[in-house]
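Here is a brief report on one protein chain.

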Amino acid sequence: MEDIQKNVHQVAELLKTLSHPDRLLIACKLAEKELSVGEMQSELGIYQPNLSRHLTTLKSAKIVTFRKEGLSVFYHLSDTRAGQVITALHQIFCSRKH
């Protein structure tokens with residue numbers, strides 16, 4: 001029973017983190033492909049400082065991670081379990097095939 005309770009709390013924290021529309025939008029877009037901060041700003045219409053704040057929250061929750069290439073910072077999904085949840089949500093709600 002302790003394992004189930006631990007897992008439930010982990011899932012609840014993940015869902016709580018993704019419950020903000022902008023964070024969910026970022027995660028869904030990153031389920032499609034890796035993006036630079038500049039690409040996220042232009043494709044998602046989320047601008048500084050909100051984008052930085054949401055990325056910090058997603059990084060703290062270990063949902064996304066980043067890599068630097070020159071002066072650019074690229075983000076991608078990092079947690080496979082979170083990625084599976086996000087991918088499932090993306091397929092259900094964001095796919096053009098529904």
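The model is predicted.

**Helix packing**

Helices H2 (residues 21–32) and H4 pack against each other at about 70°. Their axes lie 10 Å apart. Angles of 65 to 115 degrees count as roughly perpendicular, so H2 is roughly perpendicular to H4. From H2, the residues Asp22, Arg23 and Ile26 take part in the contact. They meet Leu51, His54, Leu55, Thr57 and Leu58 of H4.

His54 sits in H4, which spans residues 50–60. Is His54 buried or exposed? Its relative accessibility is 1%, so His54 counts as buried. Leaving out residues up to four places away in sequence, His54 touches His20, Asp22, Arg23 and Ile26. Glu39 is 15 residues from His54 in sequence, and the two C-alpha atoms are 15 Å apart.

**Salt bridges**

The whole structure holds six salt bridges.

| Pair | N to O distance | Sequence separation |
|---|---|---|
| Glu43 and Lys29 | 3.5 Å | 14 residues |
| Lys33 and Glu43 | 3.5 Å | 10 residues |
| Arg67 and Glu34 | 2.8 Å | 33 residues |

Side chains of opposite charge can pair when their charged atoms come close. Glu43 forms a salt bridge with Lys29. That pair links distant parts of the chain, with Glu43 in helix H3 (residues 37–44) and Lys29 in helix H2. Glu43 also forms a salt bridge with Lys33. Here the link runs from H3 to the loop between H2 and strand E1 (35–36), where Lys33 lies. Lys29, Glu32, Lys33 and Glu43 are linked in a network of salt bridges.

How exposed are these side chains? Glu43 has a relative accessibility of 37% and so counts as partly exposed. Lys33, at 40%, is partly exposed too.

Arg67 and Glu34 form another salt bridge. Arg67 is in strand E2 (residues 64–69), while Glu34 is in the loop between H2 and E1. Arg67 has a relative accessible area of 32%, so it is partly exposed. Glu34 is partly exposed at 30%.

**A nonpolar patch**

Which residues make the nonpolar surface patch? Val11, Leu15 and Val85 do, over about 220 Å². Val85 belongs to helix H5 (residues 80–94). Its relative accessibility is 31%, so Val85 counts as partly exposed.

Terms used:
Residues are numbered from 1 along each chain as its sequence is written. This is a predicted model: local features need pLDDT of at least 70, side-chain atom pairs count only at pLDDT 80 or more; totals for chains, interfaces and linings use all residues. Side-chain values use heavy atoms; hydrogens and water are left out. Helices (H or I, at least four residues) and strands (E, at least two) are DSSP runs, numbered from the N terminus. Buried means under 20% relative accessible area, exposed over 50%, partly exposed in between (1.4 Å probe, protein chains only). Contact means heavy atoms within 4.5 Å. Patches are made of residues with over 30% relative accessible area and no salt bridge: like charges are joined within 9 Å, nonpolar side chains (Val, Leu, Ile, Met, Phe, Trp, Tyr) within 5 Å. Accessible areas come from the Shrake-Rupley method with a 1.4 Å probe; for residues, only the protein chains shown count as cover. A salt bridge is a side-chain nitrogen of Lys or Arg within 4 Å of a carboxyl oxygen of Asp or Glu. Axes are lines fitted to C-alpha atoms, for helices over the stretch in contact, and angles run from 0 to 180 degrees between N-to-C directions. Angles under 35 degrees count as roughly parallel, over 145 as roughly antiparallel, 65 to 115 as roughly perpendicular and the rest as oblique.
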